[in-house]
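User: Can you walk me through this structure? I'm new to this.
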Amino acid sequence: MTSSFITVALFLCNVFYSCTENKSNNVPPQSTKSNFRQNDSTTMHKKIIKTDDEWEAQLSNEQFCITRKKGTERAFTGTYWNNHEQGVYSCVCCELPLFSSETKFESGSGWPSFFSPVAKENIKEQTDNMYGMSRIEILCNRCDAHLGHVFDDGPKPTGLRYCINSASLKFVKSSN
Ligand SMILES: [Zn+2]
């Protein structure tokens, strides 16, 4: 009797805690109302989940190693670090638009660099502690493709530098 009461109490406690936690996570510190709405729906993109075999069949070796196995292309070797055409950079795996030429800048790093994504909700961030460094990894929020990392040494207005592998991107030139 007592143990089942405790189980129920714990269950209710967990439910309450999850709800409270979600609510507090949804409050963006410095966002406008419209940003709030975008950030609120983390499930807005229906997840694309495929097996390694399926991704391998769809991608080149390099694209597979980088996007699905968190690899990094060598600096100054990718297709887009020096691309100056106008257009949109989409996820090479699922074609979700990720970055625009309008936010691309010369970082000198040898990787395509942007100061912001096309939409915050298209990008997923997670802590990466590999190689003894603490960095923020950037992933596609729809298919979890590894894209690169974000650093806080970027230009105005955001001060951010999204350092992205060319192999994670598919450039679509704008028509005008
Ligand atoms: Zn994707």
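Analyst: Start with helix H4. Its buried residues pack against E7. Contact here is C-beta atoms, placed from the backbone, within 7 Å. Helices (H or I, at least four residues) and strands (E, at least two) are DSSP runs, numbered from the N terminus. The model is predicted, so local features need pLDDT of at least 70 and side-chain atom pairs 80 or more, while totals for chains, interfaces and linings use all residues. Residues are numbered from 1 along each chain as its sequence is written.

User: Which residues of H4 are buried?
Analyst: In H4, residues 61-69, they are Gln63, Ile66 and Thr67. Buried means 20 or more other C-beta atoms within 10 Å of a residue's own; exposed means 12 or fewer; partly exposed is in between. Seen down the axis of H4, the buried residues fall within an arc of 85° (directions from the axis to the C-beta atoms), so they line one face.

User: What's exposed on the other side of H4?
Analyst: Asn61 and Lys69.

User: New topic. Which residues touch the most others in the largest nonpolar core?
Analyst: Cys91, Leu98, Cys140, Tyr162 and Ile164, out of 24 core residues. Such a core is a set of buried Ala, Val, Leu, Ile, Met, Phe, Trp, Tyr and Cys residues joined through C-beta atoms within 7 Å.

User: Which strand gives the largest share?
Analyst: E8, with 3 residues.

User: And how do E5 and E6 pair?
Analyst: They pair in the antiparallel sense over 6 bridges. Pairing needs at least two bridges found by DSSP. Gln126 stands opposite Glu137 in E6.

Technical notes
Contact = placed C-beta atoms within 7 Å.
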